[in-house]
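Please look through the structure below before reading on.

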Amino acid sequence: MARDLGETGLDTLDVACDLTLQTGVISAAIVLNEMRRLTEAAQPKPLTNTPASTPTLTLEPVADCSRYDTLRSARHVH
């Protein structure tokens with residue numbers, strides 16, 4: 001497992017092991033999950049102040065599954 005660390009390094013593995021020990025449930029899957037959480041890129045913050053020029057959804061789209069049924073029933077020549 002230590003060979004597969006790549007760029008994350010042993011320090012990240014050490015922190016992930018410490019976090020796993022704190023949970024009281026010790027397994028490789030939990031260590032790998034903690035490593036993923038420590039190394040993944042941060043998610044961007046949601047926009048709170050959108051400019052007035054940003055379009056907004058005024059009419060919620062309605063799913064029309066019958067359209068797909070008509071596509072499945074049509075015979076297409078390839």
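The protein chain has three helices and zero strands, where helices (H or I, at least four residues) and strands (E, at least two) are DSSP runs, numbered from the N terminus. Read from the N terminus on, its elements follow the order α-α-α. This is a predicted model, in which local features need pLDDT of at least 70 and side-chain atom pairs count only at pLDDT 80 or more, while totals for chains, interfaces and linings use all residues. Residues are numbered from 1 along each chain as its sequence is written, and side-chain values use heavy atoms, with hydrogens and water left out.

Of the 78 residues in the protein chain, 10% are buried. Here buried means under 20% relative accessible area, exposed means over 50%, and partly exposed lies in between (1.4 Å probe, protein chains only).

How is a pair of packed helices described? Two packed helices are described by the angle between their axes and the distance between the axes. Helix α1 covers residues 9–23 and helix α2 covers residues 28–39; they pack at an angle of about 125°, and their axes are 8 Å apart. The axes are lines fitted to C-alpha atoms, for helices over the stretch in contact, and angles run from 0 to 180 degrees between N-to-C directions. Because of that angle, α1 is oblique to α2; angles under 35 degrees count as roughly parallel, over 145 as roughly antiparallel, 65 to 115 as roughly perpendicular and the rest as oblique. The crossing of α1 and α2 is right-handed, meaning that the near helix is turned clockwise from the far one by less than a right angle.

Which residues form this contact (heavy atoms within 4.5 Å)? From α1 come T12, L13, V15, A16, C17, L19 and T20, and from α2 come I30, V31, E34, M35, L38 and T39. These residues of the contact divide into nine nonpolar, three polar and one charged. Ala, Val, Leu, Ile, Met, Phe, Trp, Tyr, Cys and Pro count as nonpolar, Asp, Glu, Lys and Arg as charged, and the others, Gly among them, as polar.

Some residues of this contact can be followed one by one. T20 lies in helix α1 and counts as buried because its relative accessibility is 2%. Apart from neighbours within four places in sequence, T20 touches V25, I26, S27, I30, V31 and E34. T12 also lies in α1 and is buried, with a relative accessible area of 15%.

M35 belongs to helix α2 and is buried at 9% relative accessibility. Between M35 and L19 there are 9.6 Å in space, C-alpha to C-alpha, and the two are 16 residues apart in sequence.

C17 is partly exposed at 30% relative accessible area, whereas C65 is exposed at 54%. Across the whole structure, a search finds zero disulfides (pairs of cysteine sulfur atoms within 2.5 Å).

How values were computed
Contact means heavy atoms within 4.5 Å.
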